[in-house]
Amino acid sequence: MPINEEEREREDQRVASVRSQIKERIMDLGETVDQRGSELTAIGRSFWDDISVNADNADDLIETAASMAQQEHVLMGQKRSFQVAQDALYKLQRVVDAPYFARIDFQEQGEQEREKIYIGLTSFIDPKTDEILIYDWRAPIASLFYDYPPGPATYHTPEMDVSGDMLLKRQYIIKAGELQDVFDTGISIGDEMLQKMLSRSADEKMHSIVTTIQREQNQIIRDDRHKVLVVQGAAGSGKTSVALQRIAYLLYKYRTTLSADNMILFSPNSLFSDYVSHVLPELGEATMQQTTFQDYLTHKLSGTGLKLEDPYDQLEFILTGTEQDPAYKARMQSIPYKTSEAFLSVIEAYGEKLKHGGIRFVDLSVGKKVLITAEELSERFYGKASILALGERMEQLSEWMLEKLDEIQADAQKRFYRKMVREPKYLGTEPEMKKMSKMKAHKAIAPLKEKARNLAYVDVLGMYRELYTNRELHEELMAQAGQKLPEAWESISSFTSAALEQGILHYEDATPLVYLKGLVEGQLRVGTIRYCLVDEAQDYSPFHYAYLKKLFPRARFTLLGDWNQGIFTHANAASDADGPKNEYSSISELMKEEETETIRLVKSYRSTREIVEFASRVLPFGEPIEPFSRSGEEPRLLRAASETELCRLVADTALTRQHGGASSVAILCKTERETEAAHAALKPLLPGLTRITKETLHYEAGVMIMPAYLAKGLEFDAVILYDAGAAVYAEAKERKLFYTACTRALHHLDVCYQGELTPFLPQD
Ligand SMILES: Nc1ncnc2c1ncn2[C@@H]1O[C@H](COP(=O)(O)OP(=O)(O)OP(=O)(O)O)[C@@H](O)[C@H]1O
């Protein structure tokens, strides 16, 4: 609802007056920063002048140390205050052109006064009057704006709940310091504002949603009661946006005790990490550790020489393979088992068993000469009964090895020296010979020390392989977990041991191997992580979750996913659309936390109503999805008579979309294989076409082509499905992939195909 002239005048004046105060503050802060900066440089320069260096006796030394500590203390204090001023300056510089975006008038119960609360990206206090001119969107009172329509309202503070009456709810669009639009809103946060935000073009980068966070999203952003927060959110319901806003919120709320280093966000891939990389800086927060699970596995397995498969190659294998291929069949049988919690229990039982024997050690040798034998290591390790964990015992063993290697090195040095003395060709002086022999001995032994430190003398892969070559062992461990060997054991075991023999580590074997490695070698826990957020949570298996919980024992978890988009195969994945399966309850069970909360987001903000309704037909029994009321054109079904015609049709459609104003147009194929062929065929027709692969680190607007699974999490103005024929999309395992592809579109969806149309789109 627009506001009246007089009111508008007042609002214009306020924007101008707050801006000028901010500018003034920026000037002051700028001076402070300069001044503190120069003081800091001066202190750095004169650091030693102000220290009384005296080393004549013990007392003098103590005095010198005290004087250094004091000086260092002064330096640290100065650095801190410099940093504080610089941060404040940076924050204000970022908001000076758009200081706030909302206002609520709130009258607390029992109070006469009506408080005007202006809400922006960062708070701003009038230094002269101490009046809060702008509240940070994360302040407790600001939650009223997101949670309530005008009327009775309550917000929570750490001390108490505050109730009252919201008398006004207003939104502003301020650009370059000018108030461009202002309106009062009713029930939810202005449909009007949201419409404006959602009808714009997709960017190469995601943006924050701070001005239009919806109530149900706010609930997730501000939740701090639950240890495990599970979010089932429909495609486009804002899961990723919420995850990032939540990070910013937590960093603000716990600013004295929590830093970005205490949080970790698992993203699906590097392209996606880049896509979301602007959101936190936009919110004025430092970026945080963002990684992919694959990066973590690669890091943990570095140096093993194994060929680690990534989830995309796994998926490509699944999508391109056929049941007729025995290797395909064996693998498809093995994946649900290897990703199950039952298999996790097997690994754990194995870890227990290894405490009493069975760790495989390898000889430590130089060339052919064995310096420490595997038997010696085993004897040392298992010789004495120990109550310590495997990792601690391994540490002791490494220490012992390092000592032993020191002795071996000293002997080698002596031998080298003696040889040099005897060596008639060598003409160096005695000190030179000593130095030379020392260097030679060091060079010979250093790689072994490195191996001792890295525990390279333990053959974890061999132990893992044994799980598949030694049926009795596996059976025994399974029995301890109260389970029996999987039915297809014979084919699972021979398929797996053959792959491992060749140094190939399939994606489904990587986490179990890393877990076993962690159990044997220690270093399994990362205690510094206090919040672990997992985006695209449906792609993680029960094994993954159980593992993450062990990895981050002190962390609270936020798991955001959509079962409708579960395109990867694992123990918990529902195979198709036969009906909703309550996978999230199994995650909650898995996390074994009483304080687990599951929240559902059903409203989709990305796509037009027509696209959402079209996509829902693909998964009639899937998780619910409701469109936000934004209308556009109906998705189009475009049939081609032949392969060549299909190519032309896709190219023409892409050009039409581009000329029609779509800044990002994505042509989505099913697999990498199809993408490669389609790219080659389309390139002459679409010279500007960019091919996105799993190695791509960022993309720019324009026309691009990629397999649908790489487009996960991303969005485009227009999406063109390359070939939605029945020959391409027909099997149950492809249904969710097809759904995911359709839901990437904001404004336009064109479904091209040849031959029969996929049965996933029932024709009336
Ligand atoms: N409250 C909101 N205000 C404005 N835009 C929003 C809001 N919530 C979501 N959006 C927009 O909707 C789009 C989808 O959001 P996001 O990518 O976070 O959804 P998602 O649930 O992670 O989607 P998917 O699972 O399909 O990848 C984004 O463009 C985002 O900016």
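Good morning. The model is predicted, so local features require a pLDDT of at least 70 and side-chain atom pairs count only at pLDDT 80 or more, while totals for chains, interfaces and linings use all residues. Residues are numbered from 1 along each chain as its sequence is written.

I begin with the whole protein. Its secondary structure comes to 25 helices and 25 strands, these being DSSP runs numbered from the N terminus (H or I, at least four residues, for helices; E, at least two, for strands). Along the principal axes, the C-alpha atoms fill a box of roughly 100 × 85 × 55 Å. Of the 764 residues, 40% are buried, that is, 20 or more other C-beta atoms, placed from the backbone, lie within 10 Å of the residue's own.

Finally, consider helix α18, residues 489-501. Its 13 residues reach 18 Å from first C-alpha to last, close to the 18 Å expected at 1.5 Å a residue, the expected span being 1.5 Å times one less than the number of residues. Which residues of α18 are buried? They are Ile-492, Ser-493, Phe-495, Thr-496, Ala-499 and Leu-500. Just after α18, Gly-503 takes a positive phi of about 80°.

Conventions. Buried ≥ 20, exposed ≤ 12 C-beta atoms within 10 Å, placed from the backbone.
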